Amino acid sequence: MMHEILPEVRAFLARAQKLLIGGEHVPAASGDTFETLDPATGLALARVAAGDAEDIARAVQAARTAFPAWAALMPAERERLLHRLADLMEAHRAELAQLETLDNGKPYRVAFNVEMNVAIGQLRYYAGWPTKLTGETYAVSSPDFHVYTRREPLGVCAAITPWNYSIVMATQKIGPALACGNTLVLKPAEQTPLAALRLGELALEAGIPPGVLNVVTGLGETAGAALSRHPGVDKIAFTGSTEVGRTIAATAAATLKHVSLELGGKSPLIIWDDADLEAAAEAAVWAIFSNSGQNCVAGSRLYVHTKVYDRVLEAVVKRTRQLNVGPGLAEDSDLGPLISQAQLDRALGFVERGALEGAALRTGGHRLGGALGAGYFLEPTIFDGVADDMAVGAAEIFGPVLSVFAFEDEDDVVRRANASPFGLAAGLWTNHLARAHRMAARLRAGVVWINTYDWFDPAVPFGGVGQSGYGRELGSQVMGMYTELKSVWVKL
């Protein structure tokens with residue numbers, strides 16, 4: 001059975017999707033639009049305004065105009081307005097989840113039960129911060145001075161968000177930016193603009209003043225690039241590919257903007273012979289195939305101890321073959337389509353290359369058509385017999401493709417896990433307490449999960465090392481990335 005599309009979602013899709021600048025819905029200055037597609041069908045969902053440099057300039061100016069009043073607003077009032085936005089997201093949970101499912105392709109139950117919980121939880125966590133931002137006093141070497149620090153907002157921030165978790169990534173940046181007193185220009189991924197546009201409307205309904213949150217849709221090479229280089233932007237927060245992250249960092253350097261980057265990964269998941277193998281195998285399946293593998297922390301490299309390698313591989317393959325692939329609105333779908341034809345072609349290219357390089361295809365590897373029509377569906381795919389230097393085992397595929405490796409000892413697996421230029425996440429399954437803590441320290445990653453995988457909480461910082469980026473999202477640590485620290489000396 002399929003979930004019915006809600007009347008309010010149908011009405012939203014039927015509208016001309018304009019930019020949200022200074023509290024007004026406006027067309028792109030050029031008049032250009034683009035189609036956003038349903039990846040389950042390949043058909044157009046809506047036409048969306050294609051913003052460019054002129055629109056970015058308008059949005060930055062609107063944010064700059066709104067900044068003084070928003071920064072001066074009493075912290076308790078900013079807190080109230082962010083909670084009000086979270087309340088409205090809760091009230092419109094089904095609508096936002098359906099927009100996310102239609103635009104991205106992911107199962108509706110995941111969008112509704114998981115991602116909306118995460119997005120609302122993030123916003124509520126940061127709604128609590130405006131009244132908690134404090135400075136410190138210092139006892140300096142001379143008794144003639146009173147010295148203290150203040151945390152002050154940066155100004156206009158830019159958020160450039162990806163298509164894989166569009167509403168979660170939006171609230172992850174809206175929350176701390178607005179809580180700290182900044183104003184924001186949000187540029188969602190062109191593949192998934194709809195939930196962000198609706199979120200901008202809800203912000204106005206919540207009473208967040210016009211210009212505090214602006215949403216400019218458009219292509220990365222036009223709107224995104226213009227936002228990165230605009231001199232009126234004080235900070236850029238980007239989540240996306242390492243390649244684009246490099247470009248943004250280089251562009252932002254010209255005006256010395258604050259930059260935080262959460263980029264790609266090729267994350268290892270390590271299963272020892274003393275682990276709960278049934279639980280570990282189940283976790284390994286979801287570590288890679290959640291969101292059809294389109295996940296920055298996807299556990300795409302599975303290392304299994306030689307003593308239990310065959311047993312774990314068999315369990316992972318068996319469980320993978322039980323997964324249902326289908327449209328996100330189908331009630332029995334475990335995995336949806338990939339986001340686009342280009343992403344499907346990329347994943348299939350790696351599957352073909354893996355076979356050519358000598359890896360053994362254990363399951364999957366084919367595009368799914370037939371009853372699924374023209375959607376971008378790919379069978380969940382597993383290779384074993386993968387060498388560390390094979391493309392399928394080393395490159396970030398961003399699709400449902402798992403590479404499985406055998407290992408013999410701790411030094412061996414740590415060396416191989418750390419050989420990747422990425423360092424976003426790692427997973428470890430063992431009942432050996434000392435080994436667990438020892439390896440958590442040795443693995444080069446921004447987050448390590450032990451006997452679990454892919455858990456997040458808004459109170460816990462998240463980010464990567466190496467080519468997985470720098471800076472942190474979430475947690476109290478992110479507040480320092482949206483504020484300037486000012487020292488004040490008072491002569492007594």
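This is a predicted model: local features need pLDDT of at least 70, side-chain atom pairs count only at pLDDT 80 or more; totals for chains, interfaces and linings use all residues.
Local features are reported only at pLDDT of at least 70 and side-chain atom pairs only at pLDDT 80 or more, while totals for chains, interfaces and linings use all residues. Residues are numbered from 1 along each chain as its sequence is written, and side-chain values use heavy atoms, with hydrogens and water left out.

Helices (DSSP runs of H or I, at least four residues) and strands (runs of E, at least two) are numbered from the N terminus. The axes of helix α5 (residues 108–127) and helix α6 (residues 166–179) come within 8 Å and cross at roughly 5 degrees. Axes are lines fitted to C-alpha atoms, for helices over the stretch in contact, and angles between N-to-C directions run from 0 to 180 degrees. Helix α5 is therefore roughly parallel to α6 (angles under 35 degrees). Contact (heavy atoms within 4.5 Å) involves residues including Glu115, Met116 and Leu123 of α5 and Ile167, Gln172 and Pro176 of α6. By class, this contact of α5 with α6 has 10 nonpolar, four polar and one charged residues. Ala, Val, Leu, Ile, Met, Phe, Trp, Tyr, Cys and Pro count as nonpolar, Asp, Glu, Lys and Arg as charged, and the others, Gly among them, as polar.

Most residues other than glycine have a negative phi. Ser292, which is not a glycine, has a positive phi of about 55 degrees. Ser292 lies in the loop between α10 (277–289) and β13 (301–305) and is buried, at 3% relative accessible area (buried is under 20%, exposed over 50%, partly exposed in between, with a 1.4 Å probe and protein chains only). Asp454 also has a positive phi, near 65 degrees. Asp454 belongs to the loop between β21 (447–450) and β22 (465–466) and is partly exposed, at 23% relative accessibility.

Note on methods
Angles under 35 degrees count as roughly parallel, over 145 as roughly antiparallel, 65 to 115 as roughly perpendicular and the rest as oblique.
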